[in-house]
Amino acid sequence: MCVMALPRSGPIRSEAARLAILDAAVALFAEHGYDHLTIEGIARRAGVGKQTIYRWWPSKGDVLAEAILEGRLLGPQREVPDTGDPRADLAAWLTEIFTLRASADGEGLLRSLVAASAGSAETGRRLRSEILAAPLMDRLSRAMGDAGGPRLEAAADALLGAVILRALSREHFASADMLALVDVVVGPPPR
């Protein structure tokens with residue numbers, strides 16, 4: 001008796017291969033930076049074919065975006081400090097983001113995230129959701145005295161929009177600018 005296997009409907013993702021690809025991308029990014037990161041290099045380091053990577057991700061930026069979403073890249077920079085002063089926490093977090101952005105790797109990483117988001121609405125939504133996670137929204141809520149809702153989300157979008165615009169224009173942003181930005185977005189500090 002001959003048993004015929006049913007044809008697959010789409011690629012089956014090997015979790016081991018996926019993790020190897022993400023680990024390889026993070027390691028190569030750390031070693032050589034964004035500009036020298038290639039799909040070929042990731043495939044070689046991960047022990048998979050390039051076609052395996054392209055089956056799941058259209059670009060190196062998308063691979064890095066997934067690494068960020070899974071917490072494999074940008075560990076401490078993703079976390080908003082919690083010192084008890086939400087305004088200072090937000091300004092410190094923005095300073096950390098701009099310090100990262102000012103580095104060669106940070107600039108490349110930001111470009112890759114913008115490109116990955118522009119190329120895939122789903123990636124953009126996932127990145128936005130991850131960035132607007134509980135710690136950022138909590139600090140904004142405490143700074144604004146607001147429990148949530150559209151005003152809080154608009155404040156988060158305004159902060160992140162300022163980060164992206166400054167990063168794309170490659171303008172310097174001083175610590176005093178961070179506090180001014182926080183004040184504009186969340187309102188002046190209580191007297």
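Mentor: Here's a look at one helix pair, with a word on confidence.

This is a predicted model, in which local features need pLDDT of at least 70 and side-chain atom pairs count only at pLDDT 80 or more, while totals for chains, interfaces and linings use all residues. Residues are numbered from 1 along each chain as its sequence is written, and side-chain values use heavy atoms, leaving out hydrogens and water.

Let's take helix α1 (residues 15-32) and helix α2 (residues 39-46), whose axes sit 8 Å apart at an angle of about 120 degrees. Helices here are DSSP runs of H or I, at least four residues, numbered from the N terminus. Axes are lines fitted to C-alpha atoms over the stretch in contact, and angles run from 0 to 180 degrees between N-to-C directions.

On the α1 side, the contact (heavy atoms within 4.5 Å) is made by Ala20, Ile21, Ala24, Ala25, Ala27, Leu28 and Glu31. Gly41, Ile42, Arg45 and Ala46 come from α2. These residues split into eight nonpolar, one polar and two charged (Asp, Glu, Lys and Arg are charged; Ala, Val, Leu, Ile, Met, Phe, Trp, Tyr, Cys and Pro nonpolar; the others, Gly among them, polar).

As for confidence, α2 has the highest mean pLDDT among the elements of the protein, 97 (pLDDT is the predictor's confidence in each residue, from 0 to 100). Over residues 1-10, though, pLDDT stays under 50.

Conventions. Helices (H or I, at least four residues) and strands (E, at least two) are DSSP runs, numbered from the N terminus.
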